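Visitor: I would like to learn how to read a protein structure one feature at a time. Could we begin with charged side chains that pair up?

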Amino acid sequence: KSLLVRVVTRLAANSQLWLVSYPDGQARKFTDDLNNYLAFSLSHDASRIVAIQTKRSAHIWISSNEWGSDARQIVEGDDFAWTTDSKIVYSSTVGGNRDIWIMRADGSEQRQLTVNPGFDNRPTASPDNRYIVFSSDRTGANHLWRMNLDGSNQVQLTHGFGEKDSTISPDSQWVFYNRVDGQTLWGIPIEGGEPVRITDDYAYRPAVSPDGRFVAYFRFSPETNERLIAVRALDDSQAVRTLKLAAGRWTSPSLQWDAGDVIYARESEGQVKLYQQAIDASPPQQIAAFAAEDDFTFSRSPDGRRFAFARGNWQHDAMLIRTSH
């Protein structure tokens, strides 16, 4: 006799179906692929399984202008960032596992940078073009790693509790990031060292201002049940401003600076709309709009001349799986 169970073996891993024998409790993986398995049912004679299989499909689009009006689809992937010389580092599963890749903005010279069984994603490149910092659970827990731009010298940067969502200071000296225990904000020298806690607040997806003075991040207001943007000074960690987002639905974790303004996305009226808002709390101004998708991330190139975004959706299928019984 066996129990059929759905198991997630790592924080960022896909859920798979496992068989656990009874009464000895021996477990073995029954499915092993890049899909997620959600609801499932086993036939009376245990010969067949019906399961809902989900798979995320996402692609990166590049535009030759600053707000994406002539964007074209380039590559399968997401969680991307620009390098200073206008290449793109991104996360993709095209190699059979989630790894970090790099390519030119036209999609040429695609090269895989990480090769390991872990889940490598959310890369960001240092402004001096020396390093890529990314999140990986290759050691069994999620931490930040650093590697050279060509993928060499991959070293673990943080050793705490579930570090992710990194951003790098303009002088390329500090990495700021989230921890999963409360989404608090931390910083660590890019060459390694002791981490410093910046705030006890919920601080999701931080972004450092171009002058290095401020960090902006999404926060959640339990009083009003809404997301806001908080701006905090980095020299003394003092709160500077809290911005109310434009009307719409949460659709994107991307947050980017443009001089003294922040840029973010909201979904409304069947579109994903980009808004630019000054940190002096001026009203948000819509600057672009795109077709709505389940997921949407964006970034303008460092020189401000090109725009990239990744959008994707979830595909759901009912699968009939025959067992060995």
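Guide: A salt bridge is a side-chain nitrogen of Lys or Arg within 4 Å of a carboxyl oxygen of Asp or Glu. Here K273 forms one with E269, and their closest N and O atoms are 2.6 Å apart. Salt bridges that share partners also join R122, K164, D165 and R205 into one network. Please keep in mind that this is a predicted model, in which local features need pLDDT of at least 70 and side-chain atom pairs count only at pLDDT 80 or more, while totals for chains, interfaces and linings use all residues. Residues are numbered from 1 along each chain as its sequence is written, and side-chain values use heavy atoms, with hydrogens and water left out.

Visitor: Is K273 buried or exposed, and what about E269?

Guide: Buried means under 20% relative accessible area, exposed means over 50%, and partly exposed lies in between, with a 1.4 Å probe and protein chains only. K273 has 6% relative accessibility and so counts as buried, whereas E269, with a relative accessible area of 71%, is exposed. Of the 325 residues of the protein, 49% count as buried.

Visitor: How many salt bridges does the structure hold, and which residue meets R130 in a salt bridge?

Guide: The structure holds 17 salt bridges, and in one of them the side chain of R130 meets that of E191, at 3.4 Å from N to O. R130 lies in the loop between β11 and β12 (131–136), and E191 in the loop between β17 (184–189) and β18 (196–199), so the pair ties together parts that are 61 residues apart in sequence. R130, at 44% relative accessibility, is partly exposed, and E191, at 48%, is partly exposed too.

Visitor: How many helices and strands does the protein have?

Guide: Helices (H or I, at least four residues) and strands (E, at least two) are DSSP runs, numbered from the N terminus. By that reading, the protein has zero helices and 28 strands.

Visitor: Which residues lie nearest the centre of the second largest pocket?

Guide: On a 1 Å grid over the protein atoms alone, a pocket is an open set of points where a 1.4 Å probe fits, with protein on both sides within 12 Å along at least five of seven lines, and lining residues have an atom within 4 Å of a point. In this pocket 39 residues form the lining, and T124, T167, L255, Q256 and S299 lie nearest the centre. Among the strands that give two or more residues to this lining are β7 (78–82), β11 (120–125) and β15 (163–168).
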